Amino acid sequence: MDERALRDLDDEKVFDGDASEDSECPDGGLKAWLCVLGVSCAVCATFGVVNAWGVFQAYYEQNNLRTKSSSAIAWIGSIQYALTFMPGHPFGRLFDIGYLRLPVAISSAFLIACTILTAECTKYSHFLLCQGIGVGLAGGIVFTAAIGTVSHWFEKKLGLALACVAAGSSVGGTIFPIILKNLLEHQGFQWTLRINGFIIAGLLLVVNLTVSRRLPPKPHSGPFIDLSIFKVPAYPFLCLSLFVGFLGLYTCLTYLTITGQQAGIGNNLSFYLVSIANAGSLLGRLGGGMLADRFGPLNVLIPGTFITGIMTYVWPFSRNKGSLVAVAVLYGISSGVYIALLAQPAARMGKITEVGVRVGMVWTIMSFGALAGPPISGTIRDNTGSFKNVGYFAGSCIMGSVLLMLVTRHLLLHKLVGHA
C-alpha cells in the first residue's frame, strides 16, 4: 500500500472517531431511545424557545421596548442564543470527566426561574439580564451537559439519533411561536411568560428523568483547554466555518415576522412565518440525519448550507404571502439540515471519550458568531432602512461558511469522492 493510501486510511479512522474503541455500542434499545427523548426535550426547551425569538423581537419593537432600536433589541436574542452554545467547552469537559445530572438539575431550575422572572421585567436592562443572559446561560448548560450522552448510545445510527434530537428544536420552534402569539393576545405579557415557564418545567422534568451516560468518565482530564484537538488539520477550518456561518444563519429567522408585517400580509400570518420555518426545519433535520448516515455529514451539510445562503439572499425581496411562505419553508428545511449536522463532523474527529470537549469547543467558538450576527444585521437595517443589505451581509456569511466546509472536507478526504 502506497503512502497516499495509508494517509487516506488514517484520515478515515480519525473521521470515524476511533469507533473500534467501543465495539459494544448498542445503537438502540429502550434506554438509548429514552435518552434521545430526554435530550430532544432539552433541545425543545432551550433551542425551541430561542428559535421563537422572532415573536419577541416583533412584540418588543411594538410594545415593551418600542423606544429602543431594532439592533438594541436584537442583542437580547443574540446573547440568549450565543449563551446556549457558549458553555459548550467547560461543560463539555465536565461531561467527559463524569458530571451530568447535577449540572442538568441546577441549570433546569435556573432556566425555569429566569423564564418566569422575565414576566416582571420593565426596563431594557432587566430583559437583557433575565431573558438574554439568564435564560441563555441556563439553557446552554442544560443543552451542553445533555447532548454528549447521545454518542454514548449510538454509533452507526448516530446521524439519525442526532436528527431526532435536533427535531426537538423544530417542534419547539413551531409550537412556541403559536403558543406565545395566542397567549400574548388573550392573557397578556406576564401570564404568557409564566405559562411558558410551566411548559418548560414539564419538558425539563422529562430530561432529568431520562438522560444518562453509558461510558465511564475519562480517567485523565488533562488541561482545561486542550489545544491538541486542533492538530487534526480539518478541525480549525470546521470551527471557523461554523463561526462565519452563524454570523448570518439566524438573521432571516429573527426578522421574518417584521418583514411580513412591513409587506402588509397581516399580523397573524407574519407571526406564523416563524412557525412555518421551524416546521420546515423538522423535515430538514430528520432527512439530513438519515442522509448523513449514508453519505456522510459534510456531504449533506454543504449543499444544505448553500441553499440556506440562497434563501437568505432572496428573503428581503419577498413582498407577498406566497413568496414569504415559500422562503420560510425552504429556509426552514435547509437550515434544519445545517443545525442537525453541524456537530457531527467534530464528533467523528477523535475518540468518543473526548467528544464533549471536541464538540463543546466548536460550540463555544461559533457562539461568538451567533452573538454578533443579528445585532450587526439590525444595525445595517437601522442605518439603511431596508433589509436588502441585511440579506447581502447574512447570505454572504453563509456562503463563506460553505467555502470553508469544502476546505474541511478536502483536508479530511484528500480526494473528490468519499464518505465525509
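Residues are numbered from 1 along each chain as its sequence is written, and side-chain values use heavy atoms, with hydrogens and water left out. Because the model is predicted, local features need pLDDT of at least 70 and side-chain atom pairs count only at pLDDT 80 or more, while totals for chains, interfaces and linings use all residues.

The mean pLDDT (the predictor's confidence in each residue, from 0 to 100) of the protein is 85, and 91% of its residues reach 70 or more. Helices are DSSP runs of H or I with at least four residues, numbered from the N terminus. Confidence is highest in helix H10 (residues 188-210), with a mean of 95, and lowest in helix H1 (residues 3-15), with a mean of 40. Over residues 1-21 pLDDT stays under 50. For this stretch the model has 33 contacts (heavy atoms within 4.5 Å) beyond four places in sequence. Where pLDDT is low, the predicted coordinates should not be read in detail.

Helix H2 (residues 30-50) comprises 21 residues and reaches 30 Å from its first C-alpha to its last, close to the 30 Å expected at 1.5 Å a residue; the expected span is 1.5 Å times one less than the number of residues. Of the 21 residues of H2, 16 are buried, that is, under 20% relative accessible area with a 1.4 Å probe and protein chains only. Helix H18 (residues 388-413) has 26 residues and reaches 38 Å between its first and last C-alpha, close to the expected 38 Å.

Asp 27 lies in the loop between H1 and H2 and is buried, with a relative accessible area of 14%.

The structure holds 25 aromatic pairs. Rings of Phe, Tyr and Trp (its six-membered ring) pair if their centres lie within 6.5 Å; planes under 30 degrees apart count as stacked, over 60 as edge-to-face and the rest as tilted. Tyr 60 and Phe 127 form a tilted pair, 4.9 Å centre to centre with 55° between the planes. Tyr 60 lies in helix H3 (residues 53-62) and Phe 127 in helix H7 (residues 124-147), so the pair ties together parts 67 residues apart in sequence. Tyr 60 is buried at 0% relative accessibility, and Phe 127 is buried at 0%. Tyr 81 and Tyr 250 form a tilted pair at 4.5 Å and 50°. This pair links Tyr 81 in helix H4 (residues 70-85) to Tyr 250 in the loop between helix H11 (234-248) and helix H12 (251-263), 169 residues apart. Tyr 81 is buried at 5% and Tyr 250 at 12%. Ring pairs link Phe 47, Tyr 81, Phe 85, Phe 143, Phe 246, Tyr 250, Tyr 338 and Trp 363 into a cluster.

Arg 194 lies over the face of Trp 191, 5.0 Å from the ring centre; the criterion is NZ of Lys or CZ of Arg within 6 Å of the ring centre and within 35 degrees of the ring normal.

Ala 346, in helix H16 (residues 344-347), is buried at 0% relative accessibility. Not counting residues up to four places away in sequence, Ala 346 touches Tyr 235, Leu 238, Arg 358, Val 359 and Val 362. Ala 346 and Tyr 235 are 111 residues apart in sequence and 7.0 Å apart in space, C-alpha to C-alpha.

How values were computed:
Helices (H or I, at least four residues) and strands (E, at least two) are DSSP runs, numbered from the N terminus. Buried means under 20% relative accessible area, exposed over 50%, partly exposed in between (1.4 Å probe, protein chains only).
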